[in-house]
Amino acid sequence: MGQVFFSGSGSGNGSSATGNGIPTSICKMLRIQKNGQNVTLKWQDPDDTIIDGQTLCTWDRTLIVRKAGSSPTSEIDGTVILINTTRNQYASSGYVDELPDDDEYFYRAFPISVNGVVNYDNQNKFGNKLYEFIINPNDSNPATRVKYAGENANYTPAKMNFTSGQFEYGSWESAFFMGLFRPCMVYNDAAGASLKGTVMEYLDPNNYALTVDGDASHVADTSCNANAMVEIGQIWVKDWTDADGKIHVQIGSEEFDGSDCWTHINKDGETYRDVIYRSIYDGCNISSKIRSLSNQTPCNTVAGNTQIAYAKANGTGWDVDEYNLRRLINYLLILISKTTDTQTAFGYGRYTGGSSASALIKSGTLDDKGMFWGDTNNNSMKVFHIENWWGNIWKITNGIIQSGGKLYYKMCEGFADGSTIQDYQQTSATGYIDSGITNGGTVSECYIKEMALVPHLGLVPKSTAGGSSTTYYCDGFWSNSGVVGFARFGGDSNNGFLVGAFAFNVNDAVSNSNWNHGVSLFY
């Protein structure tokens with residue numbers, strides 16, 4: 001029986017072999033699965049490169065090349081098994097290749113522009129791309145406590161350049177997961193059964209007021225039955241602590257030994273969605289329904305359980321943030337920045353000056369700022385197309401409940417994570433997973449010094465004294481063992497430098513209502 005080798009990635013950049021002009025972007029969401037003699041390949045072909053309404057590069061076709069023994073190095077190094085000229089024809093159903101013999105085979109895509117320019121980026125190789133970082137919990141310096149390992153051992157970290165106002169990707173611009181985040185408009189149930197949960201239009205990643213085709217988008221249209229969301233493809237995670245107490249996290253494009261993908265697993269615990277959606281913006285309240293639209297004030301001063309009900313009013317599958325996505329995004333932020341000080345790397349966000357709802361920034365101020373943007377001037381920030389991942393307003397989040405000071409977790413809607421109850425609880429930790437971490441009494445404005453790594457749950461904060469805004473995790477933690485606390489993340493404009501990706505609040509019941517407690521959509 002033929003063998004298939006799923007080749008890994010490197011840090012190569014796109015380049016051209018023939019023709020004139022620039023290469024297309026990389027293929028995205030590459031998947032490979034072997035069943036007997038058949039190999040199924042799935043991928044998304046590149047979008048055309050359009051900036052400010054001007055088309056710089058048009059995709060023409062994608063060649064799929066198979067080679068025995070090693071990965072193809074060019075479109076003529078191996079056997080061309082397919083020339084695809086219909087964009088995304090094989091994104092869902094896949095292309096099936098029958099192995100010719102017992103050799104070990106590698107596969108690679110070569111997208112080509114209308115000018116004949118070939119993209120040779122290593123991210124076009126099929127197979128698991130695997131990155132790793134290691135945190136030394138005994139090193140207090142956020143900039144030195146994170147080390148790279150494996151494929152990305154010599155990568156240059158990414159960061160926001162606050163002087164130039166530009167985000168610098170370092171070695172990470174072509175990482176597989178960068179292509180898995182796509183801004184779009186997604187229909188809710190009000191659009192009708194045939195449309196609900198489908199993409200209405202993909203947005204220009206550098207200007208959400210436009211679609212990828214250059215037309216005016218519906219990102220600020222309150223009469224449109226769709227929400228502005230970020231489409232997110234599958235990303236697999238493995239986390240553990242070694243014998244020396246160091247925390248290891250691996251990020252993969254495919255399932256690998258010991259990994260999980262809680263963000264995409266279905267309730268049946270066996271199948272996975274290809275994509276999920278998280279709102280671009282802090283949720284607003286329009287006619288008792290949480291929406292994600294540009295130029296709106298975040299929903300506030302509404303009880304948390306009511307906000308959750310407003311989010312679900314979009315229809316089946318719609319809810320508020322899930323902790324599994326917070327874990328994933330935060331891991332990615334540490335990975336690409338090589339630090340646990342997220343504010344310094346990506347922007348301070350709206351962190352100070354707030355005492356009432358009048359301080360909240362309307363959504364959409366960063367619509368033309370690209371995938372990442374931040375500054376030090378108390379404005380909004382965004383990562384992976386998500387505005388205000390921290391700051392501005394606390395985000396109500398399913399999946400963590402504090403009871404008696406102990407933190408309990410649920411990583412997905414079904415039982416696959418080991419929990420014993422379906423769906424998310426609001427007022428009880430029954431059926432949730434005991435993290436083993438208890439923070440007794442009242443914990444207020446505690447800079448996080450220490451986090452326990454619980455495999456498949458992530459980093460669990462402890463109320464250990466000794467942290468600060470410039471050491472360890474740099475963000476704040478609040479808890480109150482006297483109430484059943486419902487998780488809220490990110491901080492608000494009244495928390496100063498306590499805000500950040502890890503800022504964590506379980507000192508209020510789900511029913512708490514405040515000007516600084518908001519919500520974001522998850523589908």
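**Strand pairing and aromatic contacts**

In the predicted model, Thr241 stands opposite Ile247 of strand β19. This position belongs to the antiparallel pairing of β18 with β19 (residues 247-252), in which six bridges are found. Both strands are part of an open sheet of four strands, arranged in the order β11-β10-β19-β18 with antiparallel pairing. From one strand to the next, the twist averages 20°. Helix α2 lies across β10 (130-135), β11, β18 and β19, and runs at about 85° to β10.

A further antiparallel pairing joins strand β30 (residues 451-454) to strand β31 (residues 458-461) over four bridges. Within this pairing, Leu453 has Leu459 of β31 as its bridge partner. The two strands, β30 and β31, form a hairpin with three residues between them, and His456 in the turn adopts a positive phi of about 75°.

A search of the whole structure identifies 35 aromatic pairs. One of these is formed by Tyr323 and Tyr409, whose ring centres lie 5.2 Å apart; the planes stand at 75°, over the 60 degrees required, and the pair is therefore edge-to-face. This pair links distant parts of the chain, since Tyr323 lies in helix α2 (residues 323-337) and Tyr409 in strand β27 (residues 406-409), with 86 residues separating them. Tyr323 has a relative accessible area of 5% and is buried. Tyr409, at 1% relative accessibility, likewise counts as buried.

Tyr348 and Tyr351 also form an edge-to-face aromatic pair, with a centre-to-centre distance of 5.6 Å and an angle of 85° between the planes. In this pair, Tyr348 counts as partly exposed at 21% relative accessibility, whereas Tyr351 is buried, with a relative accessible area of 13%. The cut-off for burial is under 20% relative accessible area, so the value of 21% places Tyr348 in the partly exposed class.

Arg182 is placed over the face of Tyr202, at 3.8 Å from the ring centre. A corresponding arrangement is found for Lys338, which lies over the face of Tyr148 at 4.8 Å from the ring centre.

Key. Residues numbered from 1 in each chain as written. Predicted model: local features only at pLDDT ≥ 70, side-chain atom pairs only at ≥ 80, totals over all residues. Heavy atoms only, no water. Phe/Tyr/Trp six-rings, centres within 6.5 Å; stacked < 30°, edge-to-face > 60°. Buried < 20%, exposed > 50% of the residue type's maximum accessible area, 1.4 Å probe, protein only. Lys NZ or Arg CZ within 6 Å of the ring centre and 35° of its normal. Pairing = 2+ DSSP bridges. Axes fitted to C-alpha atoms, helices over the stretch in contact; angles between N-to-C directions. Contact = heavy atoms within 4.5 Å.
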